[in-house]
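Work through the exercises below with the sequence and the model open beside you. Try each task on your own before you read its solution.

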Amino acid sequence: MQGKADQHFDYTLMAPGPVNLHPKVREILSEPMIHHRTPEFDKILSQVLKRLKLVFQTNEPVYMISSTGSGGMESLLVNTLSPGDTVLAVNSGKFGERWIEMAKAYGVHVDEIKVTWGETVSADLISEKLKAKPYNAVLTQACETSTGVLHPIQKIGDIVKAHPKTLFLVDAITALGAVPMPMDQWHIDGLVGGSQKAFMLPTGMSFVSFSKKAQATFASSKIPKFYLDIRKEIAANAKGETFFSSNVTLIKALNYVLTEVETQGLDSLFKSIQRRADFTAEMIQLLGLNSYTKSKSASLTAVVVPETIDGQKLRELIETEFNLTLMGGQDQAKGKIIRIGHMGYIVDAHLMQLATALYRGLEKMNYQPPTQFDDYITRLKNWATQH
Ligand SMILES: Cc1ncc(COP(=O)(O)O)c(C=O)c1O
């Protein structure tokens, strides 16, 4: 079984976002357009706004923004902070860097906690910093997608809670819906998710929610804003509308996904993503490879490629010869890792496609895995049957 002859499937996307779409989502996306000021859409909108709270695990309202995830990150900043404020920000990879740049662009002072790529931030260090100096907010990714690490959000939430003037703002774009992130219980004050991740939709929407503590800062926040002014959306949602034209097509598809989540339970979504992560762990062990990070998120696995192999070339080979897209590493991890996403529509046939592509790809680049191919496939198939 090798190369193009192995292609039993259409193109498969197993990046850590965007993700493979569910066939039903693809069907909904191709339906005729309807207007957003219609009773039909009004009903969908009210259902979606209610159901989003399930994923955020919050009693507070969740708002939708027609922007990529970064717009949601920006929304958390511009609605709660003012120029001249100071935040403590975790920088553990590309997306930490981005949030810091964003805050600085709005005149917010940033004290950075630089974390070695692949490692988690120390909650104790955050605690010390908060005792030493007043901060308006603590900013962190839940999962830093460039390394796959999962930060100790619950612990940090407990620490920030003791500081009444400090908000805990969390970019959970690659975590929300993939791993537990109960906003209220973990004392998260601002939480953002993105459509192209565990929400299983195309790129183009972000979702945000604010705790009561964060809502109390809206009136005093002085960062100039228009599109992202959440108060407009709050007023519109109260009338059963969105302030700007609604992203009708994605919202319809979102309603399908959220209805499934409601029916099957959020835990079942977490479990299916965790199972894929466990499959990948088994697979890379059989391949003689390791994960880039110990405390990894179930949403993706960053795999260290053998030293003799350029990870970018391996990624390209897998894409061109096996019709499967994974992601490579960024910046300092470029060429050293490949990232496998576990979110989206992934069935066992996709997992086996991944296993074959990775094994054969490594072989083509002159790395011989310690397990024979037939034995490797049999063991992975058995694993999938038993788990
Ligand atoms: C953790 C994290 N934050 C932010 C973003 C940026 O999201 P977008 O590219 O949708 O703006 C991403 C995208 O992959 C991400 O993984």
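**Exercise 1. Describe how strand β11 is paired and where it stands in its sheet.**

Begin with the pair itself: β11 and strand β12 (residues 300-304) pair in the antiparallel sense over 2 bridges, where two strands are said to pair if DSSP finds at least two bridges between them. The names follow the DSSP runs, numbered from the N terminus, with helices being H or I runs of at least four residues and strands being E runs of at least two. One of these bridges can be located by residue, for S291 has V303 in β12 as its bridge partner.

Before going further, note what kind of model this is. It is a predicted model, in which local features need pLDDT of at least 70 and side-chain atom pairs count only at pLDDT 80 or more, while totals for chains, interfaces and linings use all residues. Residues are numbered from 1 along each chain as its sequence is written.

Now widen the view to the sheet, which is open, has 4 strands in the order β11-β12-β15-β14, and is paired antiparallel. Both β11 (290-291) and β14 (327-328) stand at the edges with a single partner strand each, so one side of each is left without a neighbour in the sheet. Helix α11 (residues 311-322) packs on this sheet and touches β14 and β15 (337-341), its direction making about 40° with that of β15. Such angles run from 0 to 180 degrees between N-to-C directions, the axes being lines fitted to C-alpha atoms, for helices over the stretch in contact.

Finally, look at the loop between β14 and β15, which is the place of D331. The phi of D331 is near 45°, a positive value in a residue other than glycine.

**Exercise 2. Describe how helix α13 packs against α12 and against α10.**

Start with the axes: those of helix α12 (residues 348-364) and helix α13 (residues 373-386) come within 11 Å and cross at roughly 155°. That makes α12 roughly antiparallel to α13, where angles under 35 degrees count as roughly parallel, over 145 as roughly antiparallel, 65 to 115 as roughly perpendicular and the rest as oblique. The crossing of α12 and α13 is right-handed (the near helix is turned clockwise from the far one by less than a right angle).

Then name the residues, counting two as in contact if their C-beta atoms, placed from the backbone, lie within 7 Å. D348, L351, M352, A355 and Y359 in α12 meet F373, Y376, I377, L380 and A384 in α13. By class, the residues of this contact of α12 with α13 divide into 9 nonpolar, no polar and 1 charged (Ala, Val, Leu, Ile, Met, Phe, Trp, Tyr, Cys and Pro count as nonpolar, Asp, Glu, Lys and Arg as charged, and the others, Gly among them, as polar).

Last, turn to helix α10 (residues 266-286), whose axis and that of α13 come within 11 Å and cross at roughly 160°. That makes α10 roughly antiparallel to α13. The contact is made by F279, E282, M283 and L286 of α10 and Y376, R379, L380, W383 and A384 of α13.
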